[in-house]
Amino acid sequence: RGMRQRLGLADVLIKNPEIIILDNMTQFSARIKEIRKKRKLTQKQMAELLRTTERNYQYYESGAREPNLETFVEISDILNVYTDYLIGRSDVAERR
């Protein structure tokens, strides 16, 4: 039998970048829902502000779809939070 190679976190992240993306999208979905509710906006209102369907917006909140870059920035602008907060790279949400 061959020796088992021990992998560190960096090796896993390099070899499986989709893990990072999946985790970030999970954070994104949870955070847009949390902030939307905090702002007292409905999914329908968010969809209207984004000029999309309510169902499409629901896909963002459920993690079934990822917004394109333009929509991602627009969501950040509407909710008045940093993009880094939405993907879990920062815990500072509110823009000053």
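This is a predicted model: local features need pLDDT of at least 70, side-chain atom pairs count only at pLDDT 80 or more; totals for chains, interfaces and linings use all residues.
**Entry 1: Phe28**

I started with Phe28, which counts as buried because its relative accessibility is 1%, and buried means under 20%. Next I looked up where Phe28 sits, and I found it in helix H2, residues 17–38.

**Entry 2: Aromatic pairs**

How many aromatic pairs does a search of the whole structure find? I got 2. For one of them, the ring centres of Phe28 and Phe72 are 5.7 Å apart and the planes are at 50°, so I wrote the pair down as tilted. Phe72 belongs to helix H5, so this pair ties together parts that lie 44 residues apart in sequence. I checked Phe72 too: its relative accessibility is 14%, so Phe72 counts as buried.

I then turned to Tyr57 and Tyr60, whose ring centres are 6.3 Å apart with planes at 85°, so this pair is edge-to-face. A reminder to myself: a pair of aromatic rings is described by the distance of the centres and the angle of the planes. Both tyrosines, Tyr57 and Tyr60, are in helix H4 (residues 54–62), 3 residues apart, or about one turn of the helix. Are Tyr57 and Tyr60 buried or exposed? I found both of them buried.

**Entry 3: Around H4**

I listed the buried residues of H4 and got Asn56, Tyr57, Tyr60 and Glu61. They cover an arc of only 145° around the axis, which means that they are on the same side of H4. A handy rule here is that an α-helix has 3.6 residues a turn, so residues three or four places apart point the same way.

**Entry 4: Thr71**

I moved to Thr71, which is in helix H5, residues 69–79. Its relative accessibility is 15%, so Thr71 counts as buried. Which residues is Thr71 in contact with, leaving aside neighbours within four places in sequence? My answer is Leu50 and Tyr60.

**Entry 5: A charge over a ring**

I also looked at Arg31 and found its charged end sitting over the ring of Tyr85, 4.1 Å from the ring centre.

**Entry 6: The core**

I went on to the largest nonpolar core, which has 18 residues. The elements giving two or more residues to the core are H2, H3 (43–50), H4, H5 and H6 (83–86). Which element gives the largest share of this core? I found that H2 does, with 4 residues. As background, in soluble globular proteins nonpolar side chains tend to be buried together.

Not counting residues up to four places away in sequence, Ile32 touches Tyr57, Tyr60, Glu61, Ile75, Leu79 and Leu86.

**Entry 7: The whole chain**

Last, I stepped back to the chain as a whole. Its secondary structure comes to 6 helices and 0 strands, and from the N terminus on I read the elements as α-α-α-α-α-α. Of the 96 residues, 28% are buried. For contacts between residues at least 6 apart in sequence, I noted that 51% join residues at least 24 apart. The accessible surface comes to about 7,000 Å², and 51% of that surface belongs to carbon and sulfur atoms.

Key. Residues are numbered from 1 along each chain as its sequence is written. Side-chain values use heavy atoms; hydrogens and water are left out. Buried means under 20% relative accessible area, exposed over 50%, partly exposed in between (1.4 Å probe, protein chains only). Contact means heavy atoms within 4.5 Å. Rings of Phe, Tyr and Trp (its six-membered ring) pair if their centres lie within 6.5 Å; planes under 30 degrees apart count as stacked, over 60 as edge-to-face and the rest as tilted. A charge sits over a ring if NZ of Lys or CZ of Arg is within 6 Å of the ring centre and within 35 degrees of the ring normal. The arc is that of the directions from the helix axis to the C-beta atoms. Accessible areas come from the Shrake-Rupley method with a 1.4 Å probe; for residues, only the protein chains shown count as cover. A nonpolar core is a set of buried Ala, Val, Leu, Ile, Met, Phe, Trp, Tyr and Cys residues joined through side-chain atoms within 4.5 Å.
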